[in-house]
Amino acid sequence: MKYYLIKETLKESDRSEGGAQYAALLTSEEWAAERESFNMGIDIELDLPEASSTKAEVNYDSLTGSFFIPDRAEITDREVSVGFAFALDERGVVFIDDSGEAQRIVDSIRRSKKWSLPSLERFLYDFLEQIICGDRDILEKYEDELDIIEGDIVSDKDEIATERANDIRSEIRALRVHYEQLLDFAQELEENENEFFKEENLRYFRLFSNRVERLRASAIAIGDHAHQINEMYRAQLDVKQNRIMTVLTVITSIFMPLTLIAGWYGMNFRYMPELEFKWSYPVIILVSIAIVIVSLIWFKKKKWL
């Protein structure tokens, strides 16, 4: 078990030292053994050992719930995502984590944060911020990738990474769900139903909600962009197919009268007068050439070519 006092920074301590709000990290086995000593009045079972969503639930004397954090390198793979549970009251927060993710976040806060007005609310805000740290850069990379794919479609390149656009849509969908759960989580904290938090410190949760809402809006826009790219690619394929069909139709239309002539004079009836006429062969050649030229001029005039 790791136990930290929330002072100007997170100060590692033991539980005998009081006088400040705290953050504790326990494994699921340690929580089973130490649960009663935290005296949080938890009357439900937490999501252990791993959580499947980010949520918060209000209890009589505590607030409990879980975090589910997608791996940013494999966002759609739930197998490599991490989850852990938590419980808090006005005295502090306990993270029950077998993955080590909560410890990583706390270590990052210890290295990078120093507070002039330390509080549980400020610690929770920084903890939540660490979860979405770097997401803006990830979303911008998605936008850059989609812009490149769109440019390839417009320039009609032979190889277009449309499969990557579909992958981005799936990853963005997973991120959007993640942001929506974080929004619900932050709103639950902001409601402060059990009055664990000071009224003036609820602004931290509003700040976090606003930031997540902006990320969510960006994710929705990127998802729409990916959808538009797929539609654009399908439209381009339809245009290419229509061009091919147009060319085939033109060729067929040109050769139909020629085929008729060939079939007609291929019957070789005995009393066909053209068979005895010495100029029949060059005349048929000239007629065929004239049919081809007239057909091409007509198709060009109709803008089929």
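How many bridges join β1 to β3, and do the two strands run parallel or antiparallel? Four bridges join them, and the pair runs antiparallel. Strands here, like helices, are DSSP runs numbered from the N terminus (E, at least two residues, for strands; H or I, at least four, for helices), and two strands pair if DSSP finds at least two bridges between them. The model is a predicted one, so local features need pLDDT of at least 70 and side-chain atom pairs count only at pLDDT 80 or more, while totals for chains, interfaces and linings use all residues. Residues are numbered from 1 along each chain as its sequence is written, and side-chain values use heavy atoms, with hydrogens and water left out.

On its other pairing, β3 is joined to β7 by five bridges, this time in parallel. Tyrosine 22 of β3 is the bridge partner of leucine 5, and it also has glycine 92 in β7 as a bridge partner. Five of the five residues of β3 are buried (under 20% relative accessible area; exposed is over 50%, partly exposed in between; 1.4 Å probe, protein chains only). Both faces are covered, with Tyr22, Ala24 and Leu26 on one side and Ala23 and Leu25 on the other.

These strands belong to an open, mixed sheet of seven, in the order β2-β1-β3-β7-β6-β5-β4. Its edges are β2 (10-13) and β4 (55-58), each pairing on one side only. Neighbouring strands are turned by 20° against each other on average, direction ignored; axes are lines fitted to C-alpha atoms, for helices over the stretch in contact, with angles from 0 to 180 degrees between N-to-C directions. Further along, β6 (residues 82-89) and β7 (residues 92-96) run antiparallel and share five bridges, with alanine 87 opposite valine 94 in β7.

Two helices pack on this sheet. Helix α2 (residues 101-112) touches β1, β2, β3, β5, β6 and β7, and its direction makes about 35° with that of β1; contact means heavy atoms within 4.5 Å. Helix α3 (residues 120-132) lies across β1, β2, β3, β5, β6 and β7, running at about 35° to β7.

Elsewhere, aspartate 135 sits in helix α4 (residues 135-154). Aspartate 135 is buried, at a relative accessible area of 1%. Leaving aside residues up to four places away in sequence, aspartate 135 touches Arg72, Leu175, Tyr179 and Leu215. Isoleucine 285, in helix α7 (residues 280-301), counts as partly exposed because its relative accessibility is 36%.
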